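Let's take a walk through this protein together. Have a look at the sequence and the fold, and then we will go through them piece by piece.

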Amino acid sequence: MPSYAKRGIVMKYAIYKLYFSTGVHIGVDSLTDGEYVINSDTIFSALCHEALKLGASQKLEKLVALAKDNLILLSDGLPFIKNELYLPKPLKPATIEEEGNSIQKKAFKKLKYIPVSKIHTYMKGKLNPEYEGEIFKALGKYTLRTQAWVRGTDEAKPYSVGLYKFSEGNGIYICIAYTRDEDLHFVDRLIHSLSYTGIGGKRSAGLGKFTYEVTEPPKELLKSLNEESAKTYMTLSICLPHEDEIEAALVGAYYLLNKRSGFVSSLTYSDTSLKKKDFYAFKSGSCFTKKFNGDIYDLSYKGNHPVYRYAKAMFMGVE
């Protein structure tokens, strides 16, 4: 499976900035979770549902084919504050100048996201982690909403839902790689439809709705996305190499695995609610010495149709 870079395909990039008009529920382990980033496989699944709504199976098959052929790639939904985009903190350790400074080490460890404009400064260990940590607090805030569950004539039972509310002008962005304008227009229609449906959990309660704007990537990000001679590449998406890529990918790699699970949300998949197969993939921020493609995996089991898990890689050079 050749890399899109090796095939000579020149990728173009668009930044989709999502501004949430409501709180968003992004769960990890429980209903009270309130994360502020969305994994690329969740975004892709949401787009698959919109494709089915807009054009039955033909549009879904087109979306899956575009991703499989590396003609459309998605990053995770990552935070932005006003005009500053943020990237996952690379899992390859930075070179910290003051090795004996325990306060600085702790501050570096607490950082989860780094401004695009300072990613190379971070890798050189010259970032001020305390200052960046304070700036990032402006992103938004986590809160709990109490709702009532009612079934038939039973007494209402309260339960809590974790929400993240972005401060005005802040939100998450998706970096989309594409080769043909018509393919981006196709995905844009799906995102437009998704903006009314909402993304994340508890959409039936009005959560996860957004407006969006499309911009070009900052020059420093575009340069890193197009880098072909870096010593280290960081993934901006949750991903898993194809079986014939895995051995080479692990050489000199720094990574964490993310367990992905959950129930199939399709009403036509089965008569009863069924769980997806557990799936382990590299978290965004994982670092590798060589690029790989990843794949779209079918996690269906005893159901009526495929259940796709997006695990394609979007890389940028960080060193």
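Is Phe315 buried or exposed? Phe315 is buried, with a relative accessible area of 1%. Here buried stands for under 20% relative accessible area and exposed for over 50%, with partly exposed in between, using a 1.4 Å probe and protein chains only.

Before going on, a word on the ground rules. This is a predicted model, in which local features need pLDDT of at least 70 and side-chain atom pairs count only at pLDDT 80 or more, while totals for chains, interfaces and linings use all residues. Residues are numbered from 1 along each chain as its sequence is written, and side-chain values use heavy atoms, leaving out hydrogens and water.

Now for the overall picture. The protein has 319 residues, and buried residues make up 49% of them. Its secondary structure comes to seven helices and 16 strands; these are DSSP runs numbered from the N terminus, with helices being H or I of at least four residues and strands being E of at least two. Taking contacts (heavy atoms within 4.5 Å) between residues at least 6 apart in sequence, 76% join residues at least 24 apart.

Let's return to Phe315 and meet its partner. The ring centres of Tyr233 and Phe315 are 6.4 Å apart and their planes stand at 70°, so the pair is edge-to-face. The rule is that rings of Phe, Tyr and Trp (its six-membered ring) pair if their centres lie within 6.5 Å; planes under 30 degrees apart count as stacked, over 60 as edge-to-face and the rest as tilted. Tyr233 belongs to strand β10 (residues 233–235) and Phe315 to strand β16 (residues 315–317), so this pair ties together parts that are 82 residues apart in sequence. Tyr233 is buried as well, with a relative accessible area of 5%.

How many aromatic pairs are there by this rule? The count comes to 21. Another of them is formed by Phe108 and Tyr122, a tilted pair at 5.7 Å centre to centre with 55° between the planes. Phe108 sits in helix α2 and Tyr122 in helix α3 (residues 119–123), 14 residues apart. Phe108 has a relative accessible area of 4% and is buried, and Tyr122, at 5%, counts as buried too. There is also an aromatic cluster whose members include Tyr16, Phe20, Tyr86, Tyr113 and Phe136.

Gln104, Ala107 and Phe108 are its buried residues. Seen down the helix axis, they fall within an arc of 100°, so they line one face of α2; the arc is that of the directions from the axis to the C-beta atoms. On the other side of α2, Ile103, Lys106, Lys109 and Lys110 are exposed. The cover over the buried residues of α2 includes α3 and α4.

Helix α4 (residues 129–136) is our next stop, and its buried residues are Pro129, Glu132 and Phe136. Down the axis of α4 these fall within an arc of 65°, so they line one face of the helix.

Which strands does β4 pair with? β3 and β4 run antiparallel and are joined by two bridges, and three bridges join β4 to β5, again antiparallel. Pairing requires that DSSP finds at least two bridges between the strands. Phe80 stands opposite Leu85 in β4, while Leu87 has Ile114 in β5 as its bridge partner. The hairpin of β3 and β4 has two residues between the strands, and there Lys82 takes a positive phi near 55°. Four of the five residues of β4 are buried, so the strand is largely enclosed by the rest of the structure.

Phe80 has another neighbour to point out. Lys17 lies over the face of the Phe80 ring, at 4.5 Å from its centre. A charge sits over a ring if NZ of Lys or CZ of Arg is within 6 Å of the ring centre and within 35 degrees of the ring normal. Lys62 likewise lies over the face of Phe186, at 4.4 Å.
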